[in-house]
Amino acid sequence: MSINRRQWLQQSLFASASILLAGSPVAVGCASEKPRSLREKDNLILLNWNENPYGPSESARKAINDAMKFMNRYPDEAIEELKDKLAAKNDLSRENFLLTAGSTEVLSLLGQHVGLQKGEILTPFPTFPTALRFGERAGASIRKVNLDANDRVDLDALNDAITSKTTLVFICNPNNPTGTELPTEDLKRFCRNVPSNVLICVDEAYMEYSVAGVEGSMLSLINELPNLVVCRTFSKAYGLAGLRMGYAVSQQKNIDALRNRHLGFELSTGWPPVVAASASLDDPDFLDMCIAKNEEGKSLLYEAYDKWGVRYNRSSTNFVYSRDDRFESNLLDKLRNRGILITKWPTMTDHIRVSIGKPDQIKKYIEVAEEYLV
Ligand SMILES: Cc1ncc(COP(=O)(O)O)c(C=O)c1O
């Protein structure tokens, strides 16, 4: 379908108006975890939003510089080339991909897609809330199934909870905020069992850090399952959070439906994120370094928590989720006063989530946290 510029403007204005009418912008986390200014950000140890402290890679920086000469042009061909590269890596075709400004955009589109049909999203709880928040604001109802005793997604309970009202099952694997990962074969079996008229979204934002690795991705089921949407991001292991580059992978009819909920064509990404993502895919050494350093940071944290007797989950991501009665309500403020930001989700009282910074930053966190916990 082709649309002219005026139709496109009308559609996008309508889309943004409906989001604005549905409520205030999506709030992420709680107030004390955000830097108050760019200057402050520079001086803080940021262990709050699961960013990669090593990115972007040198090759991504170079690609951005080299693309400067194109910056007055729309990046259509570069977008198609990046899709081809992703497709070749995963035995898929470019029609299976929608590139977006971070995977947040895919999650918001999916949430709205369900909400506008007044559908139901079935989700483990707690999990990453973006799709649920956008869905709810657009009219979806949300049904939550608690994680199991080990903070893992309870696939049996989730399967039992699917009814004729379920429109979308959302699964974040590995799960944010608990850092737990599902065995690949269990998740595959679950996906195959979901009725084909129910959409499944698997959010794989942290897959590169997982024990299974990207080989455990549900992308291998895309050709088989017409109801599966996988979303991925370059924000985490590739270290491009500030560039905003994510994507959805699914069969073409779903990608077309999402694109039509979007702008009608793909231009929410620009040259810098596209060329940086493309260069990052060709730089496995950088990715390996980030994953190895992340393991090093996690080990430091595990060691400290073991020493203090804090309960934590061994993490398949770049953050560690832990629980302890000593995590009182103002621990975040105390840490912030010492220049360290971590996260505590407002609905939960006895846990914290610490993103894996550089080893020196984790050591500093351990030194300061010890004063309050031990
Ligand atoms: C599980 C999960 N999915 C998606 C995102 C969104 O990331 P982005 O929009 O930067 O791709 C995040 C960010 O923290 C996340 O934790």
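Helix 5 and helix 6 pack with their axes 7 Å apart and at an angle of about 35°, in a model that is predicted. The crossing of helix 5 past helix 6 is right-handed. On the helix 5 side, the residues that meet helix 6 are Thr-104, Leu-107, Ser-108, Gly-111, Gln-112, Gly-115 and Leu-116. Their partners in helix 6 are Thr-130, Ala-131, Phe-134, Gly-135 and Ala-138. Sorted by class, this contact has five nonpolar and seven polar residues, and no charged ones.

Helix 6 spans residues 130–138, and its buried residues are Thr-130, Ala-131, Leu-132, Phe-134, Gly-135 and Ala-138. Just after helix 6 comes Gly-139, with a positive phi of about 120°.

Helix 5, for its part, covers residues 103–116 and includes Glu-105. Is Glu-105 buried or exposed? Its relative accessible area is 16%, and because buried means under 20%, Glu-105 is buried. Apart from neighbours within four places in sequence, Glu-105 is in contact with Thr-100, His-262 and Ser-268. Glu-105 and Arg-244 are 139 residues apart in sequence, while their C-alpha atoms are 9.5 Å apart in space.

Now for another helix pair. Helix 11 (residues 284–308) and helix 13 (residues 359–373) have axes 9 Å apart and pack at an angle of about 15°. Angles under 35 degrees count as roughly parallel, and helix 11 and helix 13 are therefore roughly parallel to each other. Helix 11 passes helix 13 in a right-handed crossing. From helix 11, the contact draws on Glu-296, Gly-297, Leu-300, Leu-301, Ala-304, Tyr-305, Lys-307 and Trp-308. Helix 13 contributes Pro-359, Ile-362, Lys-363, Tyr-365, Ile-366, Ala-369, Glu-370 and Leu-373. By class, the contact of helix 11 with helix 13 has eleven nonpolar residues, one polar residue and four charged residues.

Helix 3 (residues 58–66) has two faces to look at. Its buried residues are Ala-60, Ala-63 and Ile-64. Why do they share a side of helix 3? They cover an arc of only 100° around the axis, which puts them on the same side of the helix. The face turned away from this buried side carries the exposed residues Glu-58, Lys-62 and Asn-65. Helix 10 (271–281) is included in what covers the buried residues of helix 3.

Some backbone angles are also worth a look. Most residues other than glycine have a negative phi, and most peptide bonds are trans.

| Cis peptide bond | Omega |
|---|---|
| Phe-125 and Pro-126 | about 0° |
| Asn-173 and Pro-174 | about -5° |

Pro-126 has its place in the loop between strand 3 (120–125) and helix 6. Pro-174 is in the loop between strand 5 (166–172) and helix 8 (184–193).

As for phi, Lys-118 has a positive value near 55° while being a residue other than glycine. Lys-118 sits in the loop between helix 5 and strand 3. With 59% relative accessibility, Lys-118 counts as exposed. Asp-151, which is not a glycine either, has a positive phi of about 60°. The loop that holds Asp-151 runs between strand 4 (141–146) and helix 7 (155–161). Asp-151 has a relative accessible area of 10% and is buried, whereas Lys-118 is exposed.

Definitions and conventions. Residues numbered from 1 in each chain as written. Predicted model: local features only at pLDDT ≥ 70, side-chain atom pairs only at ≥ 80, totals over all residues. Heavy atoms only, no water. Buried < 20%, exposed > 50% of the residue type's maximum accessible area, 1.4 Å probe, protein only. Helix = DSSP H or I, 4+ residues; strand = E, 2+ residues; numbered from the N terminus. Arc of directions from axis to C-beta. Contact = heavy atoms within 4.5 Å. Axes fitted to C-alpha atoms, helices over the stretch in contact; angles between N-to-C directions. Parallel < 35°, antiparallel > 145°, perpendicular 65-115°, else oblique. Left-handed = near helix turned anticlockwise from the far one by under 90°. Nonpolar A, V, L, I, M, F, W, Y, C, P; charged D, E, K, R; others polar.
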